Amino acid sequence: MKNSVRKHKLKSAPIKLVICKIDCGDLLNFENKYLGDVQDEFRKNGFPHYLPHITNDLQINVQNGLQINQQETKQHHFIDIEQEHGIVIIGGQLFVYTRNYKNFDSYIEIVKVAYNIYQKITEQQFVKSISIRYIDNITIDAGETLDQYLKGSILSPNHDSENLKSLEARSQYAYQSEKGSILYLRPISGRNLRAVPEDLSAILEPMKALNTNNEMLDLFTPNPDVSALIDTDHAVIYKKLMDSKEVNVYETLRWLHVYSSNIFFESVTDYALEKWGK
């Protein structure tokens with residue numbers, strides 16, 4: 001895989017969501033010690049909406065007999081005026097997402113705002129992992145087929161018969177780069193797909209609740225027609241906690257982006273690129 005991004009400029013790229021995660025390790029008492037100052041700084045920098053959000057996760061332990069425990073996780077969401085970009089803090093984890101991705105340079109500026117404020121106030125000096133994830137939602141027009149858009153190498157075999165009808169196909173491919181990062185490519189195709197995978201729905205719920213004009217319905221409403229998702233998830237996980245002075249977070253996100261972009265372009269056809277306005 002080439003280590004330079006391809007020179008495609010897509011006028012109508014099918015990107016529905018981009019989210020990055022900067023894991024700074026454990027951070028106790030964020031809510032009591034830092035929340036007020038962080039909220040104030042985000043408000044001054046274009047993120048006036050604050051919404052706390054609680055999720056309940058099930059943990060299964062089988063070491064001493066089957067035990068199922070429910071763990072409550074509190075998320076802190078900060079959303080911009082236009083309700084297009086969001087910042088989420090879960091202890092020592094910082095997430096930055098956008099549902100209006102234009103290009104990497106404009107996106108990384110949002111990340112810089114979020115990370116600089118978070119690091120300045122919490123004084124977190126370490127980095128545990130960095131990742132970026134792209135969700136592309138590929139829809140087709142009447143008379144078209146998905147294999148006009150996606151290369152056969154990532155489309156599943158068609159086993160339709162008199163007794164079987166294909167409903168959905170999911171695959172996962174994992175790659176390791178020479179830098180030690182792991183890139184997952186997850187193509188999903190079928191009917192009644194949502195524009196974002198189920199595991200990302202929870203992190204988008206606060207923005208959806210705030211978005212009273214229903215602009216976000218297309219992210220959550222199943223598409224009855226045939227469509228596909230290309231989910232690229234690229235992460236570098238350090239073997240030990242790294243001093244943040246030794247890790248250039250933004251350049252790391254840039255090369256993670258480059259690999260993700262390249263594998264996306266290797267997954268789609270020339271027809272698709274022309275259709276999206278190469």
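Predicted model: local features only at pLDDT ≥ 70, side-chain atom pairs only at ≥ 80, totals over all residues.
Local features require pLDDT of at least 70 and side-chain atom pairs pLDDT 80 or more, whereas totals for chains, interfaces and linings use all residues. Residues are numbered from 1 along each chain as its sequence is written, and side-chain values use heavy atoms, without hydrogens or water.

The protein has 7 helices and 10 strands. These are DSSP runs, numbered from the N terminus (helices: H or I, at least four residues; strands: E, at least two). Of the 278 residues, 47% are buried (under 20% relative accessible area, 1.4 Å probe, protein chains only). Contacts are heavy atoms within 4.5 Å. Among those between residues at least 6 apart in sequence, 74% join residues at least 24 apart.

The structure holds 12 aromatic pairs. Rings of Phe, Tyr and Trp (its six-membered ring) pair if their centres lie within 6.5 Å; planes under 30 degrees apart are stacked, over 60 edge-to-face, and the rest tilted. Tyr115 and Tyr250 are edge-to-face because their ring centres are 6.2 Å apart and their planes stand at 80°. This pair joins helix α3 (residues 104–122), which holds Tyr115, to helix α6 (residues 249–267), which holds Tyr250; the two residues are 135 apart. Both Tyr115 and Tyr250 are buried. Lys112 lies over the face of Tyr250, 5.5 Å from the ring centre.

A charge sits over a ring if NZ of Lys or CZ of Arg is within 6 Å of the ring centre and within 35 degrees of the ring normal. The charged end of Lys208 also lies over a ring, that of Phe220, at 4.4 Å from its centre. One aromatic cluster comprises Tyr149, Phe264, Phe265, Tyr271 and Trp276.

Methods. Buried < 20%, exposed > 50% of the residue type's maximum accessible area, 1.4 Å probe, protein only.
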